[in-house]
Structures are given as C-alpha cells and as structure tokens.
Amino acid sequence: MAVSGKELIDFASSFKSSTDETERRAAVSRGYYGCYHEIKAKLNHFDGIVGLASHEGLIEYLTTSSCHSESFDNKSMLRLGYALRAMKGNRVKADYHLDVDLDASESTVFIVSMQSWHSFVKSL
C-alpha cells in the first residue's frame, strides 16, 4: 500500500497532544517527510542537484529560487525552503539525538508549523 505526503502529515498531526516522547519523535520525523514529499510533488523543474543529498538538494533548490521557473513566485519558494530546512533540523533531533529530550511544547510547535506550512503549499 502506497502512502502520500499528506497522509504522513495527517499521521504526525494525530500526535499533537501526545504525552509520549516516542510518539512525539515519530510525529516530527513523519511530518518532515510528509512535507518533503508534498513540496517535491508540486515542483515542475526539480530533478535534484548533483553533489547534494536529495533533501539538501531540495532545500537548496527552494532557497536559490531566483534561477528557476516554477509556477509560484520566488518569495514563496524561499519561505518554503527556509521552513523545510528548520523542519529538517527538528527531524534530525527527533531521529538521531535520542539522548536529548523532545518535549511536548517542541513537538506541538513543530506540528502547528507543519500544518501551516502544508496549508500554504496547498494554496500554491
């Protein structure tokens, strides 16, 4: 069964009020990946950037948008790219820094920001 980026975002959103740190970490991780796939699907001219990992390449593409011709404006691409970079930082903490607490307020802020980001993507 295949899943969509939106389904990952919805999954992450379901843990907004979780008191369990494992669930909060899963929400941040899956939420980031949902956002990654949602914006990647919206882009018409992104084929990756040689020499960069796919996630860094996408962020680089979005944040150097003045040299690309997508269907939405450069300011929107920058907004998306900088937010995705911040979400990736949260995802790295959730997935790799298990010795550092990921408290409820951090995951709630992430989820609210992710939902806002996704609403913006849908509006493009």
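**Exercise 1. The fold**

What pattern does the chain follow, read along the sequence?

*Solution.* Before starting, note that this is a predicted model, where local features need pLDDT of at least 70, side-chain atom pairs count only at pLDDT 80 or more, and totals for chains, interfaces and linings use all residues. Residues are numbered from 1 along each chain as its sequence is written, and side-chain values use heavy atoms, with hydrogens and water left out.

- Step 1: read from one end to the other and you get α-α-α-α-α.
- Step 2: tally the elements, and the chain has five helices and zero strands. Helices (H or I, at least four residues) and strands (E, at least two) are DSSP runs, numbered from the N terminus.

**Exercise 2. Overall build**

Work out whether the radius of gyration fits a compact globule, then look at burial and contacts.

*Solution.* 

- Step 1: the radius of gyration is taken over C-alpha atoms, and the globule rule is 2.2 Å times the number of residues to the power 0.38.
- Step 2: for 124 residues a compact globule would come out near 14 Å, and the chain has 14 Å, so the two agree.
- Step 3: the C-alpha trace spans about 45 × 30 × 30 Å along its principal axes.
- Step 4: of the 124 residues, 41% are buried. Here buried means under 20% relative accessible area, exposed over 50%, and partly exposed in between (1.4 Å probe, protein chains only).
- Step 5: take the contacts (heavy atoms within 4.5 Å) with a separation of 6 or more; residues 24 or more positions apart account for 63% of them.

**Exercise 3. Salt bridges inside a helix**

How many salt bridges does the structure hold? Take two of them apart.

*Solution.* 

- Step 1: the structure holds five, counting a side-chain nitrogen of Lys or Arg within 4 Å of a carboxyl oxygen of Asp or Glu.
- Step 2: start with Asp10 and Lys6, whose closest N and O atoms are 2.7 Å apart. Both sit in helix H1 (residues 5-13), and because they are four residues apart, about one helical turn separates them.
- Step 3: the rule behind this is that an α-helix has 3.6 residues a turn, so residues three or four places apart point the same way.
- Step 4: Asp10 is partly exposed at 39% relative accessible area, and Lys6 is partly exposed at 36%.
- Step 5: now go to helix H4 (residues 74-96), where Asp95 and Arg91 are also four residues apart, about one helical turn. Their salt bridge is 3.3 Å from N to O.
- Step 6: Asp95 is partly exposed at 28% relative accessibility, whereas Arg91 is buried at 6%.

**Exercise 4. A salt bridge between helices**

Which parts of the chain do Glu106 and Lys93 tie together?

*Solution.* 

- Step 1: the side chains of Glu106 and Lys93 form a salt bridge, 2.6 Å from N to O.
- Step 2: Glu106 is in helix H5 (residues 104-123) and Lys93 in helix H4, so the pair links parts 13 residues apart in sequence.
- Step 3: Glu106 is partly exposed, with 28% relative accessibility.

**Exercise 5. An enclosed helix**

Why is helix H3 (residues 54-63) largely enclosed by the rest of the structure?

*Solution.* 

- Step 1: seven of the 10 residues of H3 are buried, so the helix is largely enclosed.
- Step 2: those residues are His55, Gly57, Leu58, Ile59, Tyr61, Leu62 and Thr63.
- Step 3: they pack against H2 and H4.

**Exercise 6. Following contacts**

Which residues do Tyr32, Arg91 and Ile9 touch, leaving aside neighbours within four places in sequence?

*Solution.* 

- Step 1: Tyr32 is in helix H2 (residues 21-42) and is buried at 0% relative accessible area. Its contacts are His55, Leu84, Met87, Lys88, Arg91 and Phe110.
- Step 2: Arg91, in helix H4, touches Val28, Ser29, Tyr32, Tyr33 and Tyr96.
- Step 3: Ile9 is in helix H1 and is buried at 2%. Its contacts are Gly31, Gly34, Cys35, Glu38, Met114 and His118.
- Step 4: pick out Glu38. Ile9 and Glu38 are 29 residues apart in sequence and 9.2 Å apart in space, C-alpha to C-alpha.
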